Amino acid sequence: DEVRVRVSALPQETFMGRVVSIESPTSGTRFPVRASVANEGARLRPGMTAYARVLTAPMSPLGKLFRRPIRALRLFWWRMTA
């Protein structure tokens, strides 16, 4: 999937990249993601604080409507079987 990255030091610029790997969740629903991002002009540096958004396929209106109830059912089922 495509990734958009914004860096605090360069707030007016958006860097584009691609997801390379997705790791196991660390806590809750957060998944560490590695991405390859173009760094033209070497403007990105190690240690910069960045915010990334992974672009996925848009969800249908029905999917948005039933997202919370489905998540609640999954969590209930998981707790009952664990």
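R34 is exposed, with a relative accessible area of 54%, where exposed means over 50%, buried under 20% and partly exposed in between (1.4 Å probe, protein chains only). The structure is a predicted model, in which local features need pLDDT of at least 70 and side-chain atom pairs count only at pLDDT 80 or more, while totals for chains, interfaces and linings use all residues. Residues are numbered from 1 along each chain as its sequence is written, and side-chain values use heavy atoms, with hydrogens and water left out.

Two salt bridges are present in the structure, a salt bridge being a side-chain nitrogen of Lys or Arg within 4 Å of a carboxyl oxygen of Asp or Glu. In one of them, the side chain of R34 meets that of E23 at 3.6 Å, N to O; R34 lies in strand β3 and E23 in the loop between β2 and β3, so the pair ties together parts that are eleven residues apart in sequence. E23 is partly exposed, at 39% relative accessibility.

A further salt bridge joins R43 to E13, whose closest N and O atoms are 2.5 Å apart. Because R43 belongs to the loop between β3 (33-37) and β4 (50-55) and E13 to strand β2 (residues 10-22), this pair ties together parts that are 30 residues apart in sequence. Both residues are partly exposed, R43 with a relative accessible area of 38% and E13 with one of 27%.

The strands (DSSP runs of E, at least two residues, numbered from the N terminus) include four that form an open, antiparallel sheet in the order β3-β2-β1-β4, where pairing requires at least two DSSP bridges between two strands. The edge strands β3 and β4 each pair on one side only.
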